[in-house]
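Reader: I would like to learn how to read strands and helices in a model. Please take me through one.

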Amino acid sequence: MQYLSIKKEEWDKAIEQLLLSYTIFAAAENEFGIDYEVVNPSNISRISYNKAKPATSLKTFFLPVRENVTSDPSLKRKRVIIGAPNCDLQGLRLLDEIYLDKDFNDIFYREKRENTILISFDCFEKQEYCHCTAYGIKPWAEEVSDLAAVRLEELILLRVNTQRGQEFLNQFSHVQSLMDENAVTETDKSHIQAESLLVGANKGLPDYMATGIIVKNAGEDIWKKYSARCVSCGACATICPTCTCFLLIDKPGFEKIKQMDACQYPGFQRVAGGEDTLHDLHNRFRNRYMCKYVWKPEKFSAIACTGCGRCIEACIGKINKNELFLELAK
Amino acid sequence: MSAGGNIYKPLKAKLVEVIDESPLIKTFVLIPEKEFSFGTGQFIELSVDGIGEAPFTPSSSPHVKDKLEVTVMKTGYVTEIMHNLKPGAYMGIRGPYGRGYPVEVFHGKEVLILGGGCGLAPIRSLLYALEHIKDNLDKVVLCYGSKTPSDCIYKPLFSRLNSIEKFEAYRTVDKAEEGWNESVGVVTTLLNKVKVNLGNSLAVVCGPPIMMKFGTIRLLEMGYRDDQIYLSMEKNMSCGLGKCGHCMMGEFFVCKDGPVFTYNELRNTPDIWK
C-alpha cells in the first residue's frame, strides 16, 4: 500500500487549523472507552489512533435519531469525521444504497454525505466481540473513507482512498511521500497481526453467505430459545451501523419528523386493521437476522452485517448472535 | 413526484367533497395543488395535518389528473380523524408509489376481479382503467362481497358496470337484510356463477387478508396458475420509498416492489396473509 506521512505534531496543528472551517468529530478515549467527541484544541491530543471501533456507529452522523425532513437540509458547516473503522464504513455502503438510490434520493442524507470528509483509522486491536473478518471485511479501509490514517509513534501515515481525500489533503502543508521502508513494513505487519487476531478469535463462525443459509433454514425453536432473554429494547438495532428503519411523525404545517425505529419494538409492522406479522417476540427477533443475512443480500450489494459486534455488547439480555449462529452451524 | 426534490414533503390537496359510502367508509374527493398522476393500483400517502399519514390506493380513474378520490375505512387513529374532516380542509399527499396493476398485460385478456369490503377501492380505479381499454379486452367480471348490504360501497357502480358491454358485476353479502335479492355467502361462492376461459384469463384479488387467502386458494382450485393471479397487498407502508422498513414482507418492500404482486412472486414468502 502507498502511504504519505506527516509528523504527529504537524498533524495535530493541521487539525486545529481545520477547526476554523470545519466541525470535526474524532474517536477519543475517555473513562468509559472510545467514542466520538467534538474536537476542540484541548482534546486533539486524546484522539485514539490504531484502536478498535468507537462505541457509537458512524450511521448516527448521517441518520440522526430525530430529524425534521421538511426543513432546510443544508449543513451549517462542513464536517470531518476522524477515526471511523472499516466495519462502519462498510455499513455506510449499505446506507448509501438505501438513501441515495436513484428513485428516491434522500436530500438530507445526501447533504450530510457530500459535506463530510471521512478519515478512517486502521484497527490494530480487537474488542471482545469484533468479527469483521468472518464476513470478509479487513480491519482497515481501502475504500469509502477519503483518507485512512495510522499512527506510528510520532508519525501519522496516510493512505488516500478517494479523489476528494487527495483534494482535502492539499490543505496540509507538511505532508510528504513516505520514504521509510521500515515504517511500511511495520504497518503491514500490524495489519496482518490484527487480521490474524480477529480470524483466530472467530474460528468456526460461518461466513456471511453461510449464515444466510442457516438463518433461513432455522426452525422456530432456536428463535424462541434465544429470544427468551430479549426485552424488545431495540438496543441492537439502535447501535447497529446498518439498521436504518425509521418512522415518519407528522407535525402541524405538514412537517415531518423522521425518527429512527427498530423492528424489535412491538407494533413495528402492525397495520390499522390490527394484523401484525411481527406480533410474537421470537418473530421480531428472527426478523432482524432474516433482514441482515437473507433479505438485504437479495436486494443490495453492500453487506448488511459488518461484524462490529456492537449488538452483542449492547444487549442487556446478553444475547450473543454468534453463539446462536455457532449452534445453528453445528 | 414530491415537491422540490424532497421525497418526504407532501403536496397539499384541498378536500372538496366527502361521500358517505357505508357506515365505516367514506370517499374523499381531493384537488391537489399541482397536477397529480398515478397508475392504477399505485398508492399514495395521505396525511392529516399534524396528525399522521397512512397509505391508500386512489379509487378514482388514473386518467383524471386534476382530481383524486381516496376511499377510506375508519379503522384506526388517523382514519378516524380523516372521517371528521369537512370539505375545505387541506390534506397532504405523497406519491404515487409502488407498482400498480400492469394494465398493458391485460390487453386481449379476460379479467376476473375478486373484491372484498374496502378492497373495492383500488378495484374501482382498475375498473375505470379497464373501461378505458375495453375494446382491447375479452371480458371483465367483478365478484364483490361485503358483510351486509349496507356495508356494500359504490352502490351505483354495479348497475353501471352491468350496462357496459363486456362487463359483468356480481355482489354477495355475508348476512342479508330485508330487500336484498342478490347472493348471500362469502365472495368465493360467486365464482360458481362465473364462466372463465382459463387459458386467456387473469385474476385480480383485493380485500381483507382472510378473503385474499381464500380467494386465492379458490382461484388455484379453479385452475389459475400462480402467475395469473394478481394480489394487492396491504402492509404498514410508512415512507413509501423503500427505506423505513415497516412494510417489509420477506425480501420485498411492499411499497416499492408492490403493492401489486403476482401470487407466483409471493408463494414462498411466509405470513403474506397476516
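Author: Start with a pair of strands in chain A. Strand E2 (residues 22-30) and strand E5 (residues 78-84) of chain A run parallel and are joined by five bridges. Opposite A:Lys78 in E5(A) stands A:Tyr22. Helices (H or I, at least four residues) and strands (E, at least two) are DSSP runs, numbered from the N terminus. Two strands pair if DSSP finds at least two bridges between them.

Reader: What kind of model is this, and how are the labels set?

Author: This is a predicted model: local features need pLDDT of at least 70, side-chain atom pairs count only at pLDDT 80 or more, and totals for chains, interfaces and linings use all residues. Residues are numbered from 1 along each chain as its sequence is written, while chains are lettered from A and ligands numbered from 1 in the order in which they are written.

Reader: In what order do the eight strands of the open sheet in chain A lie?

Author: In general, strands of a sheet pair through backbone hydrogen bonds, either parallel or antiparallel. Here the open sheet of eight strands reads E3-E2-E5-E6-E7-E8-E1-E9 in chain A, with mixed pairing. Strand E3 (33-38) and strand E9 (176-177) of chain A are the edge strands, each pairing on one side only.

Reader: Which residues of H5(A) are buried?

Author: Count neighbours: a residue is buried if 20 or more other C-beta atoms lie within 10 Å of its own, exposed if 12 or fewer, and partly exposed in between, with C-beta atoms placed from the backbone. In H5(A), the buried residues are A:Thr187, A:Ala194 and A:Leu198. They cover an arc of only 30° around the axis, so they sit on the same side of H5(A). The arc is that of the directions from the helix axis to the C-beta atoms. Exposed residues on the other side of H5(A) include A:Glu181, A:Asp188 and A:Gly200.

Reader: How do H7(A) and H9(A) cross?

Author: Axes are lines fitted to C-alpha atoms, for helices over the stretch in contact, and angles run from 0 to 180 degrees between N-to-C directions. The axes of helix H7 (residues 220-227) and helix H9 (residues 281-299) of chain A come within 9 Å and cross at roughly 100°. H7(A) and H9(A) are therefore roughly perpendicular to each other; that term covers 65 to 115 degrees. Among the residues making the contact are A:Trp223 of H7(A) and A:Phe285 of H9(A). Contact requires C-beta atoms, placed from the backbone, within 7 Å.

Reader: And chain B?

Author: Seven of the eight residues of strand E8 (residues 139-146) of chain B are buried.

Key. Angles under 35 degrees count as roughly parallel, over 145 as roughly antiparallel, 65 to 115 as roughly perpendicular and the rest as oblique. Two residues are in contact if their C-beta atoms, placed from the backbone, lie within 7 Å.
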